Amino acid sequence: MAYGGTVMSGGVGAEFILGPADDTGTVHLSGALTIRTVTQARNQLLALDRTTFRRIDLSSVTRLDTAGAWALLMLKADGTNAEIAFVGASAEAQSLLSSVEQALPKPEAPPALDGSFSAWLGRFGQRVFSGLMFLRALTGYLGIFLHRLARALRHPSEFKLTSLVHHCEEVGLKAVPIVALMAFLIGVVLAFQGSTQLRQFGAEVFVVDLIAISVLRELGILLTAIIVAGRTASAFTAAIGSMKMREEIDAMRTLGLDPGMNLFVPRILALFIMLPILGLIANLAGLFGGALMAWIDLGISPAMFTTRLVEGTAVSHVFVGLVKAPVFALIIGVVGCHAGMQVQSNAESLGRMTSNAVVTAIFAVIVADAVFSIFFARIGI
Amino acid sequence: MSEREVVIKLRGIRNQFGRQVVHEDLDLDVYRGEILGVVGGSGTGKSVLLRTIAGLQRPAAGSVDVLGTDVLNADEDTRQKLESRWGVMFQDGALFSSLTVRENVEVPMRAIPGLDPQIRADLADLKISMVGLQYLAGDKYPSELSGGMRKRAGLARALALDPDIVFLDEPTAGLDPIGASAFDQLIRGLSHSLGLTVFLVTHDLDTLHATCDRIAVLAERKVLVTGSMADMLKVDHPWVHEYFHGPRARAAVPDGAAKTGQKGD
């Protein structure tokens, strides 16, 4: 706003001038006192000797905005010069000054973080507690899934077969290319790295055992689960979360449709069925990649690779690998569905929960894999 | 009142999306210091009109003149200078979600050369306080605020540079009646103390009644009629009549109720 009839110029080029205090203790301001000149104005006003002036004359100020009014009023508010008076202000400037004065914020200290040991212990305890509650909630979702699955067995009409097939295609069929390519490359890498090391001992042929055992036992299924966690847990969370966000889940409940039966069962069950299949595909692709690289790099022919594979690798390794797949599937599915149900009514929480779901699912899969390793080592398979 | 300065001048505006024509040959003047309320049925292009003036939507024909600048043909520098003289508050505040409220309000101020960061933060606190938010709200992120607080924070950001004009898109939509009437008073008070010109798109008859100096009705692809609330009650166009004499209008406009209380239910 322009005061005193100055042409509006956005304040550009308009100079602000602060005169020295005269005999009557009055400081004369002239020019524009706006957000563009406020830094200069504030510094000059603070630099004045506070004992020499009691009044500020605004009659030559051409333009005043809230920033300028703030700079003037802060002299009074911060105790620099509590007695100060503003004279010569136009009616508009006077009204602006009084509105700004009423609105001057009163700083409040944010609630301080209690630094004492007991408070720290309390916060630590709360985090542990919320971590346990998270585990409990996940277990609860697993329970809902199992209960609805059992219910579907008794009342097959409630089961959504179409939905199951759709999700099998989404999480299984459509993941085949990426899973196969990934496993193929892992096989190639293992063969290449293994051959360089084993060649030093003249034990190149053991590269077959190296590839077979590591792919079948661990890498095939673990890396498949990690890829599926990234692909599918996020998709579950995004799909269920956006339904939660738009209150579709609530609408389902009021219409008597159970989210557990309609959303969780088809998704988790599809993953439960498809992950072992994907794991098997990954195993085959990994062995194929390894065999190819062994042939190129070490001259181990496919026939020799097969013979060595059948002789040297117990079938229990395949079993040890694939038995983990359904467990990983449950973990990924439950984490994805649970995270989706935690989405609130804003878009940020959808994004946050989606990335949470992926991180949690991958982490949980690796933890479960470690537990399996210890278990199989103990029982000696 | 007769020689008031025109700050927004629309002439012959035509907006269309594909084959659907929203505005055709639309003229509108907004005067300095007034609060203009724009009403119209759903799909009459109220928000499109706001976006046209604010330069977010280029009309197919016509001229938009804001504060003496031809918005459609201005060069980059002139436009930037003009944009610092208006502020827009979007429906849900449109705050940047990764910034706190204070940082949001500081965003437009960062364009000012040589503004001390501490003074900038203090001025942001002042704006936050002027729109009636608590001091501590400045440290919060938009997702931690209620809908009404987000609107207030959006208004604080629109006011950051002391604009001449503010555009408000549905300022009271989604607020409870108490929050809405507090927001009406806030707009009225700020417009008075800062000398703002307010261009306000709304559906809320209470807001129209409580804040607006003048009302413009959008219908039949143009501004059908402008005038005060009292003028609106005399218009006999069917939609305008229905709007200002309907059951909801009677509650908002007591004198309207007195005149038409015998009609209808």
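Reader: Hi! How many bridges join β9(B) to β10(B), and do they run parallel or antiparallel?
Author: Hello! Five bridges join β9(B) to β10(B), and the two strands run antiparallel. Strands here are DSSP runs (E, at least two residues), as are helices (H or I, at least four), numbered from the N terminus. Two strands pair if DSSP finds at least two bridges between them.

Reader: Good. Before we go on, what sort of model is this?
Author: This is a predicted model, where local features need pLDDT of at least 70 and side-chain atom pairs count only at pLDDT 80 or more, while totals for chains, interfaces and linings use all residues. Residues are numbered from 1 along each chain as its sequence is written, chains are lettered from A and ligands numbered from 1 in the order in which they are written, and side-chain values use heavy atoms, with hydrogens and water left out.

Reader: Thanks! Back to that hairpin: how many residues sit between β9(B) and β10(B)?
Author: Two residues lie between them, and B:E220 in the turn has a positive phi of about 50 degrees. B:A219 stands opposite B:K222 in β10(B).

Reader: And which sheet do those strands belong to?
Author: They are part of an open, mixed sheet of six strands in chain B, ordered β6-β7-β8-β3-β9-β10. Its edge strands are β6 (86–89) and β10 (222–227) of chain B, each pairing on one side only. From one strand to the next, the twist averages 20 degrees. Angles like this run from 0 to 180 degrees between N-to-C directions, with axes fitted to C-alpha atoms, for helices over the stretch in contact.

Reader: What about β3 and β8 of chain B, parallel or antiparallel?
Author: Parallel: β3 (residues 35–40) and β8 (residues 197–201) of chain B are joined by four bridges. There, B:I35 is opposite B:V198 in β8(B).

Reader: Which helix lies across β3, β9 and β10 of chain B?
Author: That is α9 (residues 238–245) of chain B, running at about 130 degrees to β9(B).

Reader: Over to chain A. What order do the strands of its open sheet take?
Author: Four strands go β1-β2-β3-β4 in chain A, with mixed pairing. The edges are β1 (16–18) and β4 (85–87) of chain A. The twist averages 25 degrees from one strand to the next. Three bridges join β3 (residues 55–64) of chain A to β4(A), and these run parallel. A:R55 has A:A85 as its bridge partner in β4(A). Helix α2(A) packs on the sheet, touching β2 (26–33), β3 and β4 of chain A, and its direction makes about 165 degrees with that of β3(A).

Reader: Nice. How many residues of chain A are in contact with chain B?
Author: 26 residues of chain A are in contact with 29 residues of chain B (contact means heavy atoms within 4.5 Å). The two chains bury about 2,400 Å² between them, 66% of it on carbon and sulfur atoms. Buried area is the accessible area (1.4 Å probe) that two parts lose on being put together, summed over both.
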